[in-house]
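Please examine the structure shown below. The paragraphs after it begin with one residue and its surroundings and then widen to the chain as a whole.

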Amino acid sequence: MTRPPELAAESGGVFDPASDSIDLSALFGLLRRQWLLIILTMALFLGAGFAYSYLADKIYQATTRVLLDPRDKQLVGPEVVRPTQGVDLSWIETQVDLVTASGTLRKVVERENLIDDPEFGGTGNPSDMDAVLTSLARHVRAERGAQTYVIDIIVSSTSPEKAARLSIAVAEAFMASLTEAKQNAARQANLLIARQIDDLKAKAREAEDRVEAYRKENGVVQVDGRPVDEQTLKQLNEANVTARLKADEASSRLAKLDAIARTTGGDLASALSSIDSPVLGRLKVEYAMALREQAELQQTLGDRHPRMQAIGADIARSRSLITQELNTLVARARVEADLAKSQVASSAAALAAATRKVNETSDASVALRDLEGEAAIRRDVYRAFVARAQETGLQENLQVSDARIISPAQVPLYPSSPRKKIILGLAGIGGLGVGLALALYRGRIRPVRPVVRETFPVLEDPVLPQAEPEPVAAEGSVSPDVLAEIGVPGSLASGGALTEEAAGELLGGVAVDSRPAFQAIAEALTRPGDTEGPAVHVLFGTAASGAIAAVAYGLARVMAEQSVETLLIDASSGTVTTGSSLIGRDVHGILDVDFNHAQADAIGSRLEDTSIVLLPAASARLRHEIGFHGDRLVETIRDVADGFERVVVDLGPSCPPALFNALIGIADDVVMVVDAPEVDSPEIRAMFADLQHLVPELRGMVATRATTIVVETPPATATA
């Protein structure tokens, strides 16, 4: 917060040459002072951006959306559209590139007569075709939607109608190119197939001629495509099998009838049940009825009764007839069995002869089958090529494009370039940046002639020189920055050494005599209810350490009058301090806890009959170390702040910048204590103006005037 005299900055300087830190509050103050320069720079940039957006050529963009359909479309066949299992992503990217291919754009140039359009470099000369194509390619852009089959064809032009028309024209040319590509593929395939048909036809005919010649040479006769010998062998084999089956059946029937015919007794009806003969069936019925009637009459008539004898004769006659019929059937079955055996013998002989014939011609049949297979293959290939040629010939004129327009381009209402909002936004940002840079440049540190300020601490001399006290009137200064004027005994204002008892009596006297002034100061500072936690008030200045200690103690006494818990911290390294005057020089402080292992609960002392707790930063031996441990003081204040409503910090006159910077970070108010005769001096006014820009919490100055009145008021004593 201080500057060496050889590098004093102008009022409002931001950067401290002694360190790498930047004070943001001072930075904002500097920017507030340079607001007009920043606004003018932004206005200049915005004006340039607006002029450019107004005067630049307006470019319109129109978009036509085209859907790629990768499914196979065949107008000939049961299914017009065949489903696809998947599409290679490279195929889609290839279609996107084909939109801006020269072949597609050439169709657009010819259809829209762009060779005469000056926008695309056309002059009506056919030799300008390449230049027009190049220019049109710069105006056409194709984009694929994310993970879709949709292509956006974007065309830019100075005319909105032309942009929409050309976008649709490019889409139609693209679809026509896809159709032509498929037609060309079908035409090329048809030509290649047609070239092979004549050759395949000749080869098929040659193979069939070789088959016929071989048949004639080897006497191979075929019916329905098969050799006659093989057909005869098959038929004879089937006849032989049939004859064998008939012979077996005849032999079995003969054996069965012969066995029944030899049966002379027993149950004749049961034996005849397995023979299928109408005559035997009727005789079997008559025989069974005669037997039943005989059994019924035998119960009522005797065996010698005439009716019984007549029934016995009927039974004998039926049995005789059955025996005769059986003999007849046996004779017939024997004849059939002999005939079947003869047929088996004849068919076997014929089959053997046919087998010998087939074996004799087997070698010729094998070669013939090879020739027939070759001929069949060539014939099938020839027929397949003929059918494919007819199909490709039809497909050449029945091709459907793999793309279709789903959203034709509309005439754009607003130009796409220049984009006024973006241009003005960038111009505003650029103007703001340049304006801030100019403001910071104007607020840079500038070397000036050295000015010795006897009443402000500098880095080379941590102890502020004290001016000789001069008596002033009570009215004193009328500066609006002065919060109050306090009368201080000359022994305190001179900076001389005093005993602890004498210094304590003088501090107590000042607190009593100047109570109204201290109340006015307290009213001007932040109240506890206006901030989070306790209100922290930091006092420093160019006055003597005893004068600053008197102001700090008097202010704490006024704040504590309403039983407000007040913490008074003695962080001064001067000759007279509140800690040494009120509780002694050797009492342990905050730094003694870290360096001398003092007990933390023994460093604070409550002043008797008050709600003030006095907390020294260090004992007399470690007071020279206070300036290097500002962060430790801040940490202690934060640790104990919950028990207090106000905190008053006495920094004294010899305040190192590091200590000051650390404490103003938590301060709600900063008060500067100066000697009354120096309030209106140019050095003090310049110093205060600089600090106002650097420290927004700086509330004002307290002027102390030296008095010759000896105050006999007893001092406040402390209790541990």
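Leaving aside neighbours within four places in sequence, Thr64 is in contact with Ile151, Asp152, Ile153, Ser167, Ile168, Ala171, Ile405, Ser407, Pro408 and Ala409, where contact means heavy atoms within 4.5 Å. Thr64 belongs to strand S1 (residues 60–68). Helices (H or I, at least four residues) and strands (E, at least two) are DSSP runs, numbered from the N terminus. Thr64 has a relative accessible area of 0% and therefore counts as buried; the term means under 20% relative accessible area, whereas exposed means over 50% and partly exposed lies in between (1.4 Å probe, protein chains only). With one of these contacts, Ser167, the side chain of Thr64 makes a polar contact of 2.7 Å. A polar contact is a pair of N or O atoms within 3.5 Å; within protein, one must be able to donate a hydrogen and the other to accept it, and residues adjacent in sequence count only if both atoms are side-chain atoms.

The model is predicted: local features need pLDDT of at least 70, side-chain atom pairs count only at pLDDT 80 or more, and totals for chains, interfaces and linings use all residues. Residues are numbered from 1 along each chain as its sequence is written, and side-chain values use heavy atoms, with hydrogens and water left out.

Charged side chains form another theme. Side chains of opposite charge can pair when their charged atoms come close. A search of the whole structure finds 20 salt bridges, each defined as a side-chain nitrogen of Lys or Arg within 4 Å of a carboxyl oxygen of Asp or Glu. One of them joins Lys162 and Asp117, with the closest N and O atoms 2.8 Å apart. This pair links distant parts of the chain, 45 residues apart: Lys162 is in helix H6 (residues 160–218), and Asp117 is in the loop between helix H4 (102–112) and helix H5 (129–139). Both Lys162 and Asp117 are buried.

Glu374 and Arg210 also form a salt bridge, at 3.0 Å between the closest N and O atoms. Here helix H11 (residues 362–395), which holds Glu374, is linked to helix H6, which holds Arg210, across 164 residues. Glu374 is partly exposed because its relative accessibility is 29%, and Arg210 is partly exposed because its value is 30%. Both residues belong to a network of salt bridges that links Glu206, Arg210, Glu374 and Arg378.

At the surface, Trp35, Leu36, Ile39 and Leu40 form a nonpolar patch with about 440 Å² of accessible area together. Leu40 lies in helix H2 (residues 35–55) and counts as exposed because its relative accessibility is 52%. Patches are made of residues with over 30% relative accessible area and no salt bridge: like charges are joined within 9 Å, nonpolar side chains (Val, Leu, Ile, Met, Phe, Trp, Tyr) within 5 Å.

The chain as a whole has 21 helices and 17 strands, and buried residues make up 41% of its 720 residues. Among contacts between residues at least 6 apart in sequence, 79% join residues at least 24 apart.

The average pLDDT of the chain is 78, and 80% of the residues score at least 70; pLDDT is the predictor's confidence in each residue, from 0 to 100. Over residues 710–720 the pLDDT is below 50. Where pLDDT is low, the predicted coordinates should not be read in detail.

Terms used
Areas by Shrake-Rupley, 256 points an atom, 1.4 Å probe, with all protein chains shown as cover.
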